[in-house]
Amino acid sequence: MGRWQPDARGRLARAALELYVERGFDRTSVAEIAERAGLTERTFFRHYADKREVLFAGSSELQDVLARAVAGAPESAAPMDAVAVALEAAAGVLEERQEHARQRQSVIDANTELQERELIKLASLSGTLAGALCERGVDEASAGLAAEVGIAVFKFAFRRWVDRAEDKELSLFIRESLAGLRAVTADA
């Protein structure tokens, strides 16, 4: 494939994930990623700061989806209901990429450094949710708690979805997890 071919960023992302799955994250170099994509290392660094960022490049898009969904939730929605709307919106983005998500998660699971980076990403998603809730007039403590609980629900549902415990859409796992949360907190 020639260097002039379109979608250099996408080609780099696909090449990186393929190599990470085949060889492992630590045993894959930027030069190998660029070569597999038919590009140069310089082109790689125009698109990504380092080889970790290939796996986390979609974080800002996900943050935008979450913030817009919370802002667009009905005015009467309780904080957790607004978070549920946001999680459903995020599921809509991810469901189109289930196999990619599964492969990406397997790479992250095999590398402690990437697991740490994933936790940072999840914390930033929680911060986005909390900020969006505060913009709706929710007090800071309640917004932070709802956001953290929402991310915990998301993590649990996402893990079940990528592990394919059942063949369902991510949004269904999210709804089930929210229902489970409501059930366990109703007894409190």
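The model is predicted. The protein chain holds 10 helices and 0 strands. Along the sequence, the pattern reads α-α-α-α-α-α-α-α-α-α. The C-alpha trace spans about 55 × 35 × 25 Å along its principal axes.

Start with the pair H1 and H2. Helix H1 covers residues 8-23, and helix H2 covers residues 30-37. The two pack at an angle of about 120°, and their axes lie 8 Å apart. An angle from 65 to 115 degrees would count as roughly perpendicular, and one over 145 as roughly antiparallel. H1 and H2 are therefore oblique to each other. The crossing of H1 past H2 is right-handed. On the H1 side, the contact is made by Arg11, Leu12, Ala15, Ala16, Glu18, Leu19, Tyr20, Glu22 and Arg23. Across from them in H2 are Glu32, Ile33, Ala34, Arg36 and Ala37. By class, this contact has 8 nonpolar and 6 charged residues, with no polar ones.

Move on to H5 and H6. Here the axes come within 8 Å and cross at roughly 140°. H5 and H6 are therefore oblique to each other as well. Their crossing is right-handed. H5 brings Glu61, Leu62, Val65, Leu66, Ala69 and Val70 to the contact. H6 answers with Ala82, Val85, Ala86, Leu87, Ala89, Ala90 and Val93. The contact of H5 with H6 divides into 12 nonpolar residues, no polar and 1 charged.

H6 also packs against helix H10, which runs over residues 170-186. The angle is about 155°, with the axes 8 Å apart. The cut-off for roughly antiparallel is an angle over 145 degrees. H6 and H10 are therefore roughly antiparallel to each other. This crossing, too, is right-handed. From H6, the residues in contact are Met80, Asp81, Ala84, Leu87, Glu88, Ala91 and Leu94. From H10, they are Leu170, Ser171, Ile174, Arg175, Leu178, Leu181 and Arg182. The classes are 9 nonpolar, 1 polar and 4 charged.

The largest pocket has a volume of about 790 Å³. Its lining counts 35 residues, and the closest to the pocket centre are Leu55, Leu94, Arg97, His100 and Arg104.

Which elements build the lining? Two or more residues each come from H1, helix H4 (53-56), helix H5 (59-72), helix H6 (79-94), helix H7 (98-109), helix H8 (112-135) and helix H9 (140-162). H7 gives the most, with 7 residues. Sorted by class, the lining of the largest pocket has 17 nonpolar, 7 polar and 11 charged residues.

Terms used
Residues numbered from 1 in each chain as written. Predicted model: local features only at pLDDT ≥ 70, side-chain atom pairs only at ≥ 80, totals over all residues. Heavy atoms only, no water. Axes fitted to C-alpha atoms, helices over the stretch in contact; angles between N-to-C directions. Helix = DSSP H or I, 4+ residues; strand = E, 2+ residues; numbered from the N terminus. Parallel < 35°, antiparallel > 145°, perpendicular 65-115°, else oblique. Left-handed = near helix turned anticlockwise from the far one by under 90°. Contact = heavy atoms within 4.5 Å. Nonpolar A, V, L, I, M, F, W, Y, C, P; charged D, E, K, R; others polar. 1 Å grid on protein atoms, 1.4 Å probe; cavity = no way out; pocket = protein on both sides within 12 Å on 5 of 7 lines; lining within 4 Å. Points joined across faces, edges and corners; volume = space filled by probe spheres on them.
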